[in-house]
Every structure is written in C-alpha cells, then in structure tokens.
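Thank you all for coming; I would like to walk through one structure this morning, taking a pair of annotated residues to begin with and then some of the charged pairs. Please have the model open while I talk.

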Amino acid sequence: MNQLKGTGVALVTPFHDDYSIDFEALKRLVDHVIEGGVDYLVVLGTTGETVTLTLEEKKQVLQACLEYNAGRVPVVYGMGGNNTMSVLSEIANTDFSGITAILSVSPYYNKPTQAGIIAHYKAIADACPVPVILYNIPGRTMSNITAETTLSLAEHSNIIGMKEASGNLEQCMQIAAKMPKDFLLVSGDDLMTKAIYSIGGSGIISVMANALPATFKALCHGTAEESLQAAYSLLPLNGLMYEESNPVGIKNLLCHMDICNDQVRLPMLRASLALNKKIKAEFQKLK
C-alpha cells in the first residue's frame, strides 16, 4: 500500500447557502489539492460531514470525486458507523470501482468493549472487497482502540492500517513497535505528523491539506529542514480549525481562498464573526 503513504486529504463537502451540495466547488477543491501535491483523497470522512448526508448524496459525492479525480491519485472512501449490520449492508450495495481502500471509524456512542471493536472490524474486513484502514478518534467516539486491539486487528489480511487521532504518542509508539512491516500507521492530527513519522509512521490524513496541500507535500516529502518548517508553519492556524469544531474552521479558510462557501449543515453553524476575523488575519499572513 505504498500508494497510501504521505498526505491523504480529508475532503470537505462544499455546500451552497441553501445547504445543497456545491459540485462546482467540489471540483475546484479536488483540483486544488491534487495540483498542490497530495498523495491521495479521502472522500466522506468526518471532515466531509458524512453524518449529515443522505445515502443518495453520499453516492453522488463519491461519484463526483471519482470523476473529478480522473485516476490521478488513489481514493479512500469513508465507510463506518456504530451499527455493524448497517455498515455491512452499505458495503454490499456499494460499487467499489476506483476505490483503493476504505477508512472506517470506530463505533461511536455505543462504547463497545475492545472485544466488540475487534468483532466489528473483523466483520467489515471479511465483507469488504477493498482493504480497510481503522480510524481511532476517541474525542468523537468516546471509546479508544487500544494498541493491543490495533495489533490484534493488524493480523487480519484485509486490514492494512490505522489512522490514529487519539493524540496519545505513547499508544502510537506501542503500535509502531510491534506492527507488521507493511502496516500503515497514519497520523490523524496535522501537528502530530512529524512525531508519527519519527516512530515509523507513514503519513497523515489531514484537515488543513484541503487549503494548504503544498505545505503538506513539503511536510511529508521535503528535506528534514523543509519538513520541520512546514510543520511549524501550521501552528498559528491549527487551533483555529477546531475552535468551533471541524470542519467549520477549514471551510472558513477555504472560503477566504475562494475555493468554496463556508456553509456547514446543522447542527453545525458556519464560523462566527470572531473566528472568521482570526482565520482571515492568519490567512493574510500566508499570502
């Protein structure tokens, strides 16, 4: 899975003011990130506001991204949830043409045991016709996939990696120390990318790469000095991206770049005037 090393961008889903999907803006975004040097696209992850899209809208966004991508880079598709049977049904009814792998978030709200998480992912991996990347984000799911559980699941032939967004470097090190040679340990936090690389990780699935793909190209593929400076350059903006929850901040930044509107779907609200002012000020510094 060398094609899934480096920067994967967790694409936002652009909306018009009336909340309908803005496919013209989505095309601009796809072209922007690919031309900026990202290594692969992640379609309909958390940043894509997937939980607010209908099944039909999800199909439309996936097909649009595949069309706009035109085979230029690999595509990873977000497909997960807290109802295992529902995920299996979605797998059975999905055309995986053009999809390299799926990114599947750990079950949220239910707070399953580690054994339950293992059973959930094994059922998905057994049924999925493309490889599976695990996704651990305790801040949203309210449960953690432990290093021991990750290593157990890494033994499955169709589970190829883990997007780690726990913020726990020790846990990431425990995974890296014992994971299979070809297992992908992917940072789920933009600012953790350098640290994840240093312990044997393979890259980042990024929020800010929507706006700053060239920065992440330098971070993942530049010289040691270029990579370090790219990482430091993210510091002023990173906190603002999450001040009113993701993807409010990144959509506002993209709006200042004239790539897409900053509309989000309820229960999220577009950036407040105060946050907009702060993001605009930092964006002006980047010019």
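Let me begin with Lys-163, which counts as buried, because its relative accessibility is 6% and buried here means under 20%. Please keep in mind throughout that this is a predicted model. Lys-163 sits in strand β6, which covers residues 159–164. Setting aside residues up to four places away in sequence, Lys-163 touches Leu-103, Ile-133, Leu-134, Tyr-135, Asn-136, Val-186, Ser-187, Gly-188 and Ile-205.

Let me move to another strand, β1, residues 6–10, where Thr-7 lies. Is Thr-7 buried or exposed? Thr-7 counts as buried, because its relative accessibility is 0%. Its side chain reaches the backbone oxygen of Phe-216 at 3.4 Å, and, apart from neighbours within four places in sequence, Thr-7 is in contact with residues including Val-38, Asp-39, Tyr-40, Ile-204 and Cys-220.

Now to the charged pairs. How many salt bridges does a search of the whole structure find? The search finds 9, and I will describe some of them.

In one of them, Asp-31 pairs with Arg-72, with the closest N and O atoms 2.7 Å apart. Asp-31 belongs to helix α1 (residues 23–35), while Arg-72 lies in the loop between α2 (55–69) and β3 (75–78), so this pair ties together parts that are 41 residues apart in sequence. Asp-31 is buried, with a relative accessible area of 18%, whereas Arg-72, at 39%, counts as partly exposed.

In another, Lys-251 forms a salt bridge with Glu-49, where the closest N and O atoms are again 2.7 Å apart. Here Lys-251 is in helix α12 (residues 248–256) and Glu-49 is in the loop between β2 (40–43) and α2, so the parts tied together are 202 residues apart in sequence. Lys-251 is buried, with a relative accessible area of 0%, and Glu-49 counts as buried at 4% relative accessibility.

Arg-265 forms a salt bridge with Glu-57, the closest N and O atoms being 2.8 Å apart. Because Arg-265 lies in the loop between α12 and α13 (273–286) and Glu-57 in helix α2, this pair ties together parts that are 208 residues apart in sequence. Both Arg-265 and Glu-57 are buried.

Finally, a network of salt bridges links Asp-17, Asp-262 and Arg-270.

Conventions. Residues are numbered from 1 along each chain as its sequence is written. This is a predicted model: local features need pLDDT of at least 70, side-chain atom pairs count only at pLDDT 80 or more; totals for chains, interfaces and linings use all residues. Side-chain values use heavy atoms; hydrogens and water are left out. Helices (H or I, at least four residues) and strands (E, at least two) are DSSP runs, numbered from the N terminus. Buried means under 20% relative accessible area, exposed over 50%, partly exposed in between (1.4 Å probe, protein chains only). Contact means heavy atoms within 4.5 Å. A polar contact is a pair of N or O atoms within 3.5 Å; within protein, one must be able to donate a hydrogen and the other to accept it, and residues adjacent in sequence count only if both atoms are side-chain atoms. A salt bridge is a side-chain nitrogen of Lys or Arg within 4 Å of a carboxyl oxygen of Asp or Glu.
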